[in-house]
Amino acid sequence: MRILRLSDTHLTREPGRDGEGVDTRGSLRRILHDCRELPGLDALVITGDIADDGSREAYADARAQISAFAAERRIPALFTTGNHDDRTAFAAVLGSGHLTADGRDAPDSQLHSPDGERAAVTTVAGYRIVTLDSLIPGKGHGRISAAQLTWLRTVLADPAPNGSVLAFHHPPVTVPGVAVQAALGLHDVPTLAEAIAGTDVRLLLCGHFHLQLFGMLTGVPVWVTPGVVTRIDLTATPGTERAVKGASATLVDLGGPHSPTFHTLHARDPHTGETAYELDATELTSVIAKLGPPA
Ligand SMILES: [Fe+2]
């Protein structure tokens with residue numbers, strides 16, 4: 001099975017450049033255009049921060065651009081929430097987040113919880129793809145709620161023909177020593193590890209960090225795809241943050257002799273590598289204090 005991975009489109013209500021000078025709609029358009037000749041795609045998985053401002057206009061634009069790409073290839077497009085997303089607006093435009101090739105909101109099953117979390121299942125080529133909702137409204141870090149973990153255990157109780165893939169926004173793995181990732185990544189990781197240990201879960205797919213990263217959780221590979229909107233450049237001075245322009249995506253292949261394989265694709269953007277924004281150590285510390293969990 002071949003999945004095209006996108007994450008962190010950060011679209012806004014108004015087209016044009018955002019506060020950091022990035023043309024967010026243009027970045028999505030460019031990466032989809034440059035991926036137009038990829039052969040054999042079975043699914044598109046987009047892991048959150050679809051809208052930077054939680055606006056319905058941003059979701060509608062993401063849906064229009066991504067559905068057009070998916071319809072042409074007759075493949076489903078599966079969206080998750082991220083910390084910038086608004087569940088109500090997301091649900092109004094994208095429903096469960098699982099769109100069929102002809103644009104219908106039709107997952108195999110989905111979670112119905114009082115908090116309206118977007119979690120659903122679609123089976124593709126014998127693989128069960130489960131999206132989870134790690135959004136904590138108003139915060140930068142993430143968590144998979146107890147309600148979702150209970151639902152997930154039920155979903156995973158019967159193995160799928162080729163195994164399961166989980167997709168959600170906040171990574172449970174970090175680059176050692178990067179404080180902002182530790183603070184604003186997934187929290188309560190052991191409870192997720194417990195829920196997937198011994199099941200048919202073959203792979204976890206995440207976004208949020210705007211960079212490519214591989215790690216393992218309880219023996220399961222975790223792949224973090226870089227952002228469509230920007231890439232965080234860890235060659236910056238430790239304790240500061242630099243984001244650079246240039247949309248990226250990942251091609252994920254499952255089931256081959258070396259499965260899973262990951263290949264990162266970069267849009268051919270003449271502005272690639274140009275600085276989008278920089279945060280000094282004081283600014284980054286205050287972002288962590290504001291958006292992270294209570295000290
Ligand atoms: Fe995020």
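## Reading strands and helices in a predicted chain

Reply: Strand 10 and strand 11 make a hairpin with 2 residues between them, and T218 in the turn has a positive phi of about 45°. The model is a predicted one, in which local features need pLDDT of at least 70 and side-chain atom pairs count only at pLDDT 80 or more, while totals for chains, interfaces and linings use all residues. Residues are numbered from 1 along each chain as its sequence is written.

Me: What counts as a strand, and in which sense do strand 10 and strand 11 pair?

Reply: Strands (E, at least two residues) and helices (H or I, at least four) are DSSP runs numbered from the N terminus, and two strands pair if DSSP finds at least two bridges between them. Here strand 10 (residues 213-217) and strand 11 (residues 220-224) are antiparallel over 5 bridges, with L213 opposite V224 of strand 11.

Me: Which order do the strands of the open sheet follow?

Reply: In a regular strand, side chains alternate between the two faces of the sheet. The open sheet in this model has 6 strands in the order 4-3-2-1-14-15, with mixed pairing; its edge strands, each pairing on one side only, are strand 4 (98-99) and strand 15 (261-266). Strand 14 (residues 248-253) runs antiparallel to strand 15 and is joined to it by 6 bridges, and D253 has T261 of strand 15 as its bridge partner.

Me: How is helix 2 placed against the strands, and at what angle to strand 2?

Reply: Axes are lines fitted to C-alpha atoms, for helices over the stretch in contact, and angles run from 0 to 180 degrees between N-to-C directions. Helix 2 (residues 56-73) lies across strand 2 (43-47), strand 3 (77-80) and strand 4, at about 160° to strand 2.

Me: Why are helix 2 and helix 3 called oblique?

Reply: Angles under 35 degrees count as roughly parallel, over 145 as roughly antiparallel, 65 to 115 as roughly perpendicular, and the rest as oblique. The axes of helix 2 and helix 3 (residues 87-94) cross at roughly 40° and come within 9 Å, and the two helices are therefore oblique to each other. Residues are in contact if their C-beta atoms, placed from the backbone, lie within 7 Å; helix 2 contributes R56, Y59, A60 and R63 to this contact, and helix 3 contributes A89, F90, A92, V93 and L94.

Me: How many helices and strands does the protein chain have?

Reply: The protein chain has 7 helices and 16 strands, and its C-alpha atoms fill a box of roughly 50 × 45 × 40 Å along the principal axes.

Terms used:
Two residues are in contact if their C-beta atoms, placed from the backbone, lie within 7 Å.
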